[in-house]
Amino acid sequence: MNLRVLRSAFVATALVVTATPALVVAHHEPLAKFDDKKPLRIRGVVSLVDWRNPHAHVFVNVKTGETVSNWAVELESPIDLEASGWSKTTIQPGDQVAVTGIAARDGSRQMLGKTIVTAGGKAIFTVNVVPPPMPLQPHPTPKWPDGQPRLGSVPGGVQGYWAFPSATALVENGVTAPMDEWGLLKNIADAPKVAPMQPWALQLYKERQERFLRDDPMYLNCKPPGGPRQFQLAYGVQLVEDRVRQRIFVLIGSGNNNYRIIYTDGRSHQGQVGGDDENPLFYGRAVGKWEGETLVMDTRGFNEDFWFTNGGLPHTDQLKLIEKISRPNLDTLKYDLTVDDPGAYTRPWSASWTLRWVAGKEMPRHLCQENRS
Amino acid sequence: MKRLGLALLVAVSVFAVPTLAQEGHPLKGSWLGTWTGNKIHGNDVLLVMSWDGKNITGTINPGTDNIAIKNATLNPEGWLVHIEADAKDKSGQPLTYTIDGKIENLPLANRVVTGTWKDSRGDTGAFKIGRQ
């Protein structure tokens with residue numbers, strides 16, 4: 001191996017680290033698996049590029065003395081990598097690379113790659129996912145012939161979906177509690193401020209946080225993102241209105257690609273699942289009605305087998321959600337939520353955020369695999 | 001023989017289902033285990049508990065002994081569990097059980113409560129139940 005080349009690559013790596021935005025936008029909390037207190041640099045020869053969801057991996061043979069050890073470098077998902085112009089042939093087995101990142105918590109030869117630089121000094125697999133630019137003048141809200149706002153695409157117009165939520169973790173309106181995009185608090189002392197939790201719920205929330213959200217059932221077992229979480233995920237949602245059958249489908253881009261149904265035919269919460277009416281569900285039972293230009297959804301009947309927020313706020317089967325969706329212009333979806341769960345919280349509380357219309361694109365197809373999400 | 005095979009298949013299928021953590025109130029659900037040395041109600045014990053937002057309610061050995069839980073608390077500081085239940089001994093005399101324990105492996109599917117049980121006659125022993 002040409003040490004001079006690799007030394008140059010490391011210099012380039014250092015420059016890249018300071019010159020580029022963070023390239024990791026993983027769809028789950030990376031600190032659950034990797035330790036940001038353990039920075040790591042390796043250099044070696046690529047042995048394999050594993051290009052598949054939920055994360056691409058580059059395997060690198062690292063020579064130390066006479067010993068060669070193989071390291072797995074975890075990258076973003078192929079969805080984000082390909083959106084940034086990279087492919088599985090960007091590097092090939094046999095190529096020399098220098099990698100910086102952070103090491104796995106369990107001491108195994110795995111790392112989260114923050115920069116990868118080729119022997120030629122080129123930084124690769126950088127990801128920079130940004131929302132589409134807002135037009136200077138907002139486009140008007142698309143509407144059905146009867147004047148009701150359309151929540152999805154316009155017939156004859158470009159397709160699209162909703163993504164880039166302005167908040168990716170649930171916090172009560174008016175509360176300042178800094179956290180990362182996966183809901184991990186910067187300061188655990190802020191935990192009591194996030195929502196009005198009962199003592200048991202607060203302690204459970206704190207313990208989930210202290211374990212870096214590693215017990216998240218969506219991460220471990222591909223459990224669905226029920227409740228408001230579906231509107232805070234990386235790969236967005238698509239709202240499909242079936243006006244004939246009077247229901248709205250919420251297609252979910254992340255997780256295991258399942259969907260939620262909101263019935264708008266005036267039915268009650270009972271009797272929507274034939275023969276199984278009392279069985280609590282991951283998405284609960286949602287009924288909706290239009291109040292002016294706002295869709296108001298009332299959902300209850302949730303089970304307790306999932307996390308309804310990215311940060312691990314607990315809920316019980318007494319959870320009732322009132323969600324209000326409106327589309328003030330073509331590019332913006334406004335989402336207002338009231339959480340009413342007397343089993344876990346001391347009072348009802350609210351949160352709000354917006355999503356952006358991603359025009360002209362299909363919702364990314366991201367598949368969850370247990371223990372690999 | 002065919003019936004035995006079918007029964008075995010069903011049993012294997014049931015036990016092959018992976019246990020998933022229940023993410024709501026930590027005590028809610030069915031718990032199976034032992035209260036060692038209990039001469040009156042046997043070594044094996046089943047608890048079914050619920051949470052209404054204010055109180056933990058439930059039954060010990062539903063369907064057989066039907067011992068209603070009179071009082072139960074969960075202290076999140078250390079996840080300490082305290083349960084009191086009024087039962088009857090074999091002669092029909094009142095008997096009060098007191099169980100004190102601690103939830104272990106809280107975030108995991110194999111969550112357990114370990115501790116001790118005692119009754120109003122002075123009998124006592126180890127107590128251990130696992131979330132089903």
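A residue is called buried if 20 or more other C-beta atoms lie within 10 Å of its own, exposed if 12 or fewer do, and partly exposed in between, with C-beta atoms placed from the backbone. A:Ala189 is exposed, because 10 other C-beta atoms lie within 10 Å. A:Ala189 is found in the loop between strand S7 (160–163) and helix H3 (191–194) of chain A; helices (H or I, at least four residues) and strands (E, at least two) are DSSP runs, numbered from the N terminus. The C-alpha atoms of A:Ala189 and A:Arg150 are separated by 42 Å, and these residues are 39 apart along the chain.

The structure is a predicted model, in which local features need pLDDT of at least 70 and side-chain atom pairs count only at pLDDT 80 or more, while totals for chains, interfaces and linings use all residues. Residues are numbered from 1 along each chain as its sequence is written, and chains are lettered from A and ligands numbered from 1 in the order in which they are written.

Chain A can be viewed as a whole to begin with. Its secondary structure comes to five helices and 15 strands, and 42% of its 373 residues count as buried. Two residues are in contact if their C-beta atoms, placed from the backbone, lie within 7 Å. Among contacts in chain A between residues at least 6 apart in sequence, 63% join residues at least 24 apart.

The domain assignment of chain A gives domain 1 (3–124) and domain 2 (160–359), with bounds that come from an automatic or database domain assignment. Seven residues of domain 1 are in contact with 10 residues of domain 2. On the domain 1 side, these residues divide into four nonpolar, two polar and one charged. Here Ala, Val, Leu, Ile, Met, Phe, Trp, Tyr, Cys and Pro count as nonpolar, Asp, Glu, Lys and Arg as charged, and the others, Gly among them, as polar.

A nonpolar core is a set of buried Ala, Val, Leu, Ile, Met, Phe, Trp, Tyr and Cys residues joined through C-beta atoms within 7 Å. The largest such core has 101 residues, and those with the most contacts inside it are A:Trp162 and A:Ala201. Strand S15 (residues 349–359) of chain A gives the most to this core, with six residues. Both domains of chain A give residues to the core, so it lies between them. Among the residues that A:Trp162 touches, beyond four places away in sequence, are A:Val237, A:Leu333 and A:Trp357.

Strand S4 (residues 96–104) of chain A is largely enclosed by the rest of the structure, because seven of its nine residues are buried. Two strands pair if DSSP finds at least two bridges between them. Eight bridges join S4(A) to strand S1 (residues 34–50) of chain A, and the two run antiparallel; A:Pro39 has A:Ile102 as its bridge partner in S4(A). S4(A) also pairs with strand S5 (residues 110–118) of chain A, in the antiparallel sense over seven bridges. In the hairpin of S4(A) and S5(A), with five residues between the strands, A:Gly107 takes a positive phi near 80°.

Chain B contains a closed barrel of eight strands, S1-S2-S3-S4-S5-S6-S7-S8, with antiparallel pairing. Within chain B, six bridges join strand S4 (residues 67–75) to strand S5 (residues 80–88), and B:Asn75 has B:Leu80 as its bridge partner in S5(B). The contact between the chains takes 13 residues from chain B and 21 residues from chain A. The chain B side has eight nonpolar, four polar and one charged residues.
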